[in-house]
Amino acid sequence: MPNRRPLTSLGTITAISIRKGETIMVGRLQGRSAVITGASRGLGKAAADLLASEGCAVALIDLKAHWAQAAADEITAAGGRAIGLGCDVSDRDAFKGAVDEAVQAFGRLDVLVNNAMWNLYEAVPDIKPETVDRMVSVGFSGVIWGIQAAAEHMKAGGGGSIVNIASVSALLGMPNGLVYCGVKAGVTGITRAAAAELGPHKIRVNAVAPSTVDTEGVRRVVSAERIQDRILQTPLGRLGSTEDIAKAVRYLACDDSDFVTGQLLTVDGGLANSLS
Ligand SMILES: NC(=O)c1ccc[n+]([C@@H]2O[C@H](COP(=O)([O-])OP(=O)(O)OC[C@H]3O[C@@H](n4cnc5c(N)ncnc54)[C@H](O)[C@@H]3O)[C@@H](O)[C@H]2O)c1
């Protein structure tokens, strides 16, 4: 039975169902639930906002519970259903605990968005073991732990959709990006293997490859000059927005993509396919 909560600032409604003379607004993910990691800001928060606007109950995970809860409160204030949970996705048991808590709160799990990442660009001579350990444990192992925790609930529930946030850096070499490019290429491998193994359980696994999006995370590691270069290199002549990426996540999360699995959806304004 779809929720009949009032629509406030929340966005798109994609279907209208008329039942016994009442008009009920139904979103593309009405009645479903999602876990989104690294969701207190940036791409993760935009994905949580958009999924919530489609009627999905969302559990936002971030390193600190109060960051995640503040972002969840914004969604709740806009009419959505959201909780915030604190955990480090590189900690397998903690991540499983957070996913279990989300399932307890919402009664089911339909979507996982593996978005959290910690990043540092270093030239080859400067790469430090602790940089590699942190990036691999968050961006690579964290994706595996998320799939492991979510798949258990999705199998029990008859299926689901997992969306991993990769990067065009999985496809393109980048100076000072050896660890990042390697981790993101690894995410595409995980995506294909998980799709092959989990398909028989009706669990789809796909990845999104954004190019540069202006977020706090990017401003921390990419200079304004380099961002300008990126715009010039992009055929569509702009950076992606957090909403551009969220729309790709929504497509892969909902039934519009119900025969799509093991794919890398590049959302980059044409960057990865062009010479400049
Ligand atoms: N912004 C871009 O240009 C861009 C481009 C390509 C891919 N991506 C990918 O998109 C994702 C989001 O990027 P963003 O720019 O929004 O990043 P961001 O740094 O702005 O946000 C990342 C979030 O993840 C959280 N986080 C970090 N480590 C965590 C951990 N161990 N456990 C739980 N949460 C953790 C952070 O606290 C933060 O809230 C990342 O996977 C990134 O690699 C971003």
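Two strands pair if DSSP finds at least two bridges between them. Helices (H or I, at least four residues) and strands (E, at least two) are DSSP runs, numbered from the N terminus. By that rule, strand E3 (residues 33-37) and E4 pair in the parallel sense over 5 bridges. The model is predicted: local features need pLDDT of at least 70, side-chain atom pairs count only at pLDDT 80 or more, and totals for chains, interfaces and linings use all residues. Residue numbers start from 1 along each chain as its sequence is written.

**Strand E4 and its partners**

- In E4, Ala57 is the bridge partner of Ser33.
- E4 also pairs with strand E5 (residues 82-86), in the parallel sense and over 5 bridges; Ala59 stands opposite Ile83 in E5.
- E3, H1 and E4 make a right-handed β-α-β unit, where right-handed describes a crossover whose path from the first strand over the helix to the second runs clockwise, with the strands pointing away from the viewer.
- A right-handed β-α-β unit is also made by E4, helix H2 (residues 65-77) and E5.
- Why is E4 largely enclosed by the rest of the structure? The reason is that 6 of the 6 residues of E4 are buried. A residue is buried if 20 or more other C-beta atoms lie within 10 Å of its own, exposed if 12 or fewer, and partly exposed in between, with C-beta atoms placed from the backbone.
- In a regular strand the side chains alternate between the two faces of the sheet. Both faces of E4 are covered, with Ala57, Ala59 and Ile61 buried on one side and Val58, Leu60 and Asp62 buried on the other.

**Ligand shell**

- The ligand is surrounded by 28 residues, and the closest are Gly38, Gly42, Met117, Thr215 and Gly217. A residue is near a molecule or strand if its C-beta atom, placed from the backbone, lies within 6 Å of it.
- Helix H1 (42-53), strand E4 (57-62) and helix H6 (216-221) are the elements that give two or more residues to this shell.
- The shell holds 12 nonpolar, 12 polar and 4 charged residues. Ala, Val, Leu, Ile, Met, Phe, Trp, Tyr, Cys and Pro count as nonpolar, Asp, Glu, Lys and Arg as charged, and the others, Gly among them, as polar.

**Nonpolar core**

- The largest nonpolar core has 77 residues, of which Ala48, Leu51, Val58 and Leu60 touch the most other members. Such a core is a set of buried Ala, Val, Leu, Ile, Met, Phe, Trp, Tyr and Cys residues joined through C-beta atoms within 7 Å.
- Helix H4 (residues 129-157) supplies the largest share of this core, 10 residues.
- Leaving aside residues up to four places away in sequence, Leu51 touches Leu29, Ala34, Cys56, Val58, Val111, Arg250 and Ala253. Two residues are in contact if their C-beta atoms, placed from the backbone, lie within 7 Å.

**Single residues**

- Ala116 lies in the loop between strand E6 (111-114) and H4, and counts as buried because it has 25 C-beta neighbours inside 10 Å.
- Arg230 is in helix H7 (residues 224-233), and its 20 C-beta neighbours inside 10 Å make it count as buried.
- Asn176, in the loop between strand E7 (160-165) and helix H5 (178-198), has a phi near 70°, a positive value in a residue other than glycine.
- Lys202 is in the loop between H5 and strand E8 (203-210); its phi is positive, about 65°, although it is not a glycine.
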